[in-house]
Amino acid sequence: MTKSYLFTMLIKSRFTSRQKAAKGFTLLEVLVVVLIIGILAATAGVSWNSFVNRQRVSAVQNAAQRAIEKAQLEAKSRQLSYSISFKIEDNLPKVEFNNSGLWETLAAGVDIKSGQVLMCTNLSDAKANQVGTETCDPSNLATARTIQFDYTGTLPTDTTLPITITFADAGANYSAGEPIVASKRCVRVQTLLGAITTGMGSGCP
């Protein structure tokens, strides 16, 4: 082979590879990539929303636990009966201390909008510390459900147990009162001594 022939072949090879590189992606390849990106984005979006909803419900559960513990501590420190009440108002779980008439939104520091967190409880609205059939119906929870501690921070002997307050993601229809089980977070008063426990998911009623 002559030098001129090798030189010609080298130039031709480089020109051919440049032509191939200039072709880029086919329309089918672009569509496949876009489809894959779309599926990944949709999956990530659902996962993120579920995570945010669980965090929101957990924040309300923590706030409820702290509120019950606060009421119990107030009863001990003041040496008198002290109550805490829960209800749904404007589709938000709210709390009131010692029949003050001042209802506060649970986890007020968290951005919780109306209808995002469902509350369920077995507390009766007829009398403090009495439990019955659990309800998650927001319209039934418009009346106060009360836990009353005596001056030692314990519960009266006529209390029925366990007292359970559950919070959950309400899903698309808040008024239906049907919590998403996997999102459930609950607080329980288990004993007359006022032992407080928490649970989640299927571990809640």
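In this predicted model, the charged end of Lys87 is placed over the ring of Trp103, at 4.5 Å from the ring centre.

The largest nonpolar core comprises 37 residues. Those that touch the most other members are Ile68, Ile84, Phe86, Leu106, Ile147, Ile165 and Phe167. At least two core residues are supplied by each of helix 2, strand 1 (82-89), strand 2 (92-97), strand 4 (117-123), strand 6 (145-149), strand 7 (163-169) and strand 8 (185-189). Helix 2 provides the largest share of this core, with 9 residues. In soluble globular proteins, nonpolar side chains tend to be buried together.

Leaving aside neighbours within four places in sequence, Phe86 is in contact with Ala64, Ile68, Lys94, Val95, Trp103, Leu106, Met119, Thr143, Ala144, Arg145, Ile147 and Ile165.

Gln72 is located in helix 2, which spans residues 27-78. The relative accessible area of Gln72 is 11%, under the 20% limit, and the residue is therefore classed as buried. Its side chain reaches the backbone oxygen of Gly194 at 3.2 Å. Apart from neighbours within four places in sequence, the contacts of Gln72 are Phe149, Gly153, Leu193, Gly194 and Ile196.

Terms used
Residues are numbered from 1 along each chain as its sequence is written. This is a predicted model: local features need pLDDT of at least 70, side-chain atom pairs count only at pLDDT 80 or more; totals for chains, interfaces and linings use all residues. Side-chain values use heavy atoms; hydrogens and water are left out. Helices (H or I, at least four residues) and strands (E, at least two) are DSSP runs, numbered from the N terminus. Buried means under 20% relative accessible area, exposed over 50%, partly exposed in between (1.4 Å probe, protein chains only). A polar contact is a pair of N or O atoms within 3.5 Å; within protein, one must be able to donate a hydrogen and the other to accept it, and residues adjacent in sequence count only if both atoms are side-chain atoms. Contact means heavy atoms within 4.5 Å. A charge sits over a ring if NZ of Lys or CZ of Arg is within 6 Å of the ring centre and within 35 degrees of the ring normal. A nonpolar core is a set of buried Ala, Val, Leu, Ile, Met, Phe, Trp, Tyr and Cys residues joined through side-chain atoms within 4.5 Å.
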